[in-house]
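Please look at the fold below.

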Amino acid sequence: MFEPVKIAPSILSADFMNLGRDVALIEEAGAGYVHVDVMDGHFVPNLTMGVPVVKQLKKTTSLPLDVHLMISNPLEQLPWFLDAGADSVTVHAEVLDADGLARAVACIHAAGAKAAVSLKPRTPVGALASVIADVDMVLVMSVEPGFSGQSYIEGSEDKVARVVAMATSVGASPLVQVDGGIGAATAPLVAAAGADVLVCGNAVFAVDDPARALAEVAAAADEARLAALAARKEA
């Protein structure tokens, strides 16, 4: 059955002097999540927000908080973000071995949250093999993580398709999220390949009418996804 693509605006691109206003705006516009990018300056070359921001967001929005940990020590910090109210937490496959990934997923689930694992552009899909059947979501990075406003890496939709194929092969059906350079022009590419959740930063927050932009990205993604599903049925 067709499920509409959900948009997860990244508040890294929001106006931090008016963060409450911007979060309320995307909630009213129909966003599916608030995407919170946490960067530590070690795993990625940037520093962003942390636990206090997640705590404040939890008080101000009913949208699920989708916390993306771009950090080198997720096993140590996971409890902080779970206690702060994260509804979904993503850790990176590049910083944990198979045992570490399993421990992270178990920790997130034990707190009643959704567990996700992310892959950087050069990380092979095989890095998911040990947890693909247990995660609630896989995040495919379509830019190198660290900074907002980057351009989509061509061919990232192929990686989305490989994740979908891997999950299907083991009878799993995690959501597939894509983050990096996603807008009205690129959303159809990843949606047609099987993406369920699209992280949008500047495409939503750096325009005059964020609500309209969010709706346009969602509509373009849904149209492409429906077309792809129809084509598969005919094949």
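Two strands pair if DSSP finds at least two bridges between them; strands (E, at least two residues) and helices (H or I, at least four) are DSSP runs, numbered from the N terminus. This is a predicted model, in which local features need pLDDT of at least 70 and side-chain atom pairs count only at pLDDT 80 or more, while totals for chains, interfaces and linings use all residues. Residues are numbered from 1 along each chain as its sequence is written, and side-chain values use heavy atoms, with hydrogens and water left out.

Q: What makes E2 and strand E3 (residues 65-70) a pair?
A: E2 and E3 are joined by 6 bridges in the parallel sense, and the definition asks for at least two. Within this pairing, Val36 stands opposite Val67 of E3.

Q: How do you know whether strand E2 (residues 34-39) is mostly covered or exposed?
A: Strand E2 is mostly covered, as 6 of its 6 residues are buried; buried means under 20% relative accessible area, exposed over 50%, and partly exposed in between (1.4 Å probe, protein chains only). Val34, Val36 and Val38 are buried on one side, and His35, Asp37 and Met39 are buried on the other.

Q: What makes E2 an edge strand of the sheet?
A: The open sheet has 8 strands in the order E1-E8-E7-E6-E5-E4-E3-E2, with parallel pairing. Strand E1 (6-9) and E2 are its edge strands, since each pairs on one side only.

Q: Why are helix H3 (residues 74-84) and helix H4 (residues 98-110) described by the angle at which they pack, and what is that arrangement called?
A: Two packed helices are described by the angle between their axes and the distance between the axes. For H3 and H4 the angle is about 15 degrees and the axes are 10 Å apart; axes are lines fitted to C-alpha atoms, for helices over the stretch in contact, and angles run from 0 to 180 degrees between N-to-C directions. Angles under 35 degrees count as roughly parallel, over 145 as roughly antiparallel, 65 to 115 as roughly perpendicular and the rest as oblique. H3 and H4 are therefore roughly parallel to each other.
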